[in-house]
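Here is my note for a colleague new to this model. Please read the numbered points with the structure open beside them.

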Amino acid sequence: MSSEDEDIDLNDDTTSQIETITDDGGETMDIEDPLPSTRNSPASPPRQLSDTDTRQVDLNIHPQRLTCSSYDCVPYVAAIHPYPVFSVATTRCYRWVLTGCEDGYIRKWDFFTSMNGKTSLAQALRHQHVDSVIYSGVLSSWWENEEQSEDVPGEHKLSAIYSLALHSEALWALQGCENGSINLVTVRHDEGRCHHVLRKQTGPISVLKITPDEKGALSGSWDRSVLEWDLQTGSVVRSYESHNSQLSSAEYQPLDGWDTKDPNSLLTTSVDGQCLLWDKREREPRKLPLSAHSPPWCLSACWSADGKKIYVGRRNGIVDEYDQASQKWIRGFRMPSNSGPVSCVTSMPNGKQIVCASNDNIRLWDTSVDSAFTIGFDEGLKKSNTTIPFSILPGHHGGVISQISIDPTCQYMITSSGNRGWEGASTNVCLFYDISVVV
């Protein structure tokens, strides 16, 4: 793999994956339809499709998915890895899925071919998963993530991938390395070739986010730094300096829609529990206070669908809810005892449910329900409400969840298991889910 600097247009509209060019040279991209979830029964896999049964990619979310009372998430595909999965990145249409592992390899999966059941899961592996998981992930290709030595030209070393970011149409990808460098590689053409290395940080890159306009990127490292890069020039345009520990997550604030991001407003978190709100037009961040019920620890945080609330996962099995405008703690959602730390949290587009991942299970939590699991200002008053505010999503059990990804239409979800270089066990698997609405 070469690290030669080359002039490449990172946002070349003439190579649009969805609208102009396909892998076979056609003018539009038709993909096999794994079927909208509303056509599927939770107990049965998607129906088989003929080779001519295709549809145009539609990335608009159905209004029913914004107003439904809940969701039903069923896993059908297991993408099994030989090592823990630290990171996941997808194209906007979910055609391609990249996974980064502890072994230093990037694996590229064909999502729709996998969901259509082109490859059945081996019988010996089925007993390790719930009954609905009957398909195996279809691996399209793979390549190495190599640390390019600056001092010794030609010297390469495989690096675990703690973070990944993929262009919306798979033109290029960013791969974080353990030595603090970031490889920019092409994906659809000359696959996996490193064209440039971004060098500034000195610790493993644990966070990578592409800016909403896809001309820049945000990187967070174990060296406590957060940098914003200009991908056209390869230079740092801003440094966000306030964290005192390893960076664990970063998210841009939603705007009009749950999948539309504000490029000027973002949330960053570090392992020591710091949660900072940044406005790029201001120099200093606003800090979310630590609840008296929560220890200083955080691996994941997310915005609500409307961007007005923030959810932070804690070590003691609590998800803290904050008000974005006032930066005040509102309440906490306590997982059942012995659930373990909350390693990953993300929100659903209806503004009610959040997905919380603990060591024992993944839960779909209804934040509109006040129950005995809710911690509020009246903590001294014992709640008599016996309603269970969550449902357990089938699939993962007994491993740290490294990432949860939901597509823009809220029809599919991907979860991966890996400790991201920190602590905890792994099940070494990615699960592909189908999401249906509960009216």
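1. Confidence. pLDDT is the predictor's confidence in each residue, on a scale from 0 to 100. The mean pLDDT of the protein chain is 87, and 85% of its residues reach 70 or more. This is a predicted model, in which local features need pLDDT of at least 70, side-chain atom pairs count only at pLDDT 80 or more, and totals for chains, interfaces and linings use all residues. Residues are numbered from 1 along each chain as its sequence is written, and side-chain values use heavy atoms, with hydrogens and water left out.

2. Where to be careful. Over residues 1–8, pLDDT stays under 50. The model has 25 contacts beyond four places in sequence for residues 1–8; contact means heavy atoms within 4.5 Å. Residues 11–43 also stay under 50 in pLDDT, with 97 contacts beyond four places in sequence. Where pLDDT is low, the predicted coordinates should not be read in detail.

3. The strand S28 region. Strands here (E, at least two residues) are DSSP runs, numbered from the N terminus; helices are H or I runs of at least four residues. Is strand S28 (residues 353–357) mostly covered or mostly uncovered? Mostly covered: five of its five residues are buried. Buried means under 20% relative accessible area, exposed over 50%, and partly exposed in between (1.4 Å probe, protein chains only). Gln353, Val355 and Ala357 point one way from S28, while Ile354 and Cys356 point the other way. In a regular strand the side chains alternate between the two faces of the sheet.

4. Neighbours of S28. Two strands pair if DSSP finds at least two bridges between them. Strand S27 (residues 344–347) runs antiparallel to S28, joined by four bridges. Strand S29 (residues 362–366) pairs with S28 in the antiparallel sense over five bridges. S27 and S28 have five residues between them, and S28 and S29 have four. In the turn between S27 and S28, Gly351 has a positive phi of about 80 degrees.

5. The largest core. A nonpolar core is a set of buried Ala, Val, Leu, Ile, Met, Phe, Trp, Tyr and Cys residues joined through side-chain atoms within 4.5 Å. The largest one has 25 residues. Tyr71, Met348, Met413 and Ile435 have the most contacts inside this core. At least two residues each come from strand S3 (70–80), S28, S29, strand S32 (401–406) and strand S34 (429–438). S34 gives the most, with five residues. Beyond its neighbours within four places in sequence, Met348 is in contact with residues including Tyr71, Gln353, Val355, Leu364 and Ile435. A second, separate core has 19 residues, among them Val74, Met115, Ile134 and Tyr412. In soluble globular proteins, nonpolar side chains tend to be buried together.

6. Salt bridges. A salt bridge is a side-chain nitrogen of Lys or Arg within 4 Å of a carboxyl oxygen of Asp or Glu. How many does a search of the whole structure find? The search finds 13. In one of them, the side chains of Lys108 and Glu191 meet at 2.9 Å, N to O. This pair links distant parts of the chain, 83 residues apart. Lys108 is in strand S6 (residues 105–110), and Glu191 is in the loop between strand S13 (182–186) and strand S14 (194–198). Lys108 counts as buried, at 7% relative accessibility, whereas Glu191 is partly exposed at 33%.

7. A buried charged pair. Glu321 forms a salt bridge with Arg331, with the closest N and O atoms 2.6 Å apart. Glu321 lies in strand S25 (residues 318–323) and Arg331 in strand S26 (residues 328–334), so the pair ties together parts ten residues apart in sequence. Glu321 is buried, at 0% relative accessible area, and Arg331 is buried at 16%. Salt bridges that share partners join Lys309, Glu321 and Arg331 into one network.

8. An open sheet. Four strands form an open sheet in the order S15-S16-S17-S18, with antiparallel pairing. Its edge strands, S15 (205–210) and S18 (235–240), each pair on one side only. Five bridges join strand S17 (residues 226–230) to S18. Glu228 stands opposite Arg238 in S18.
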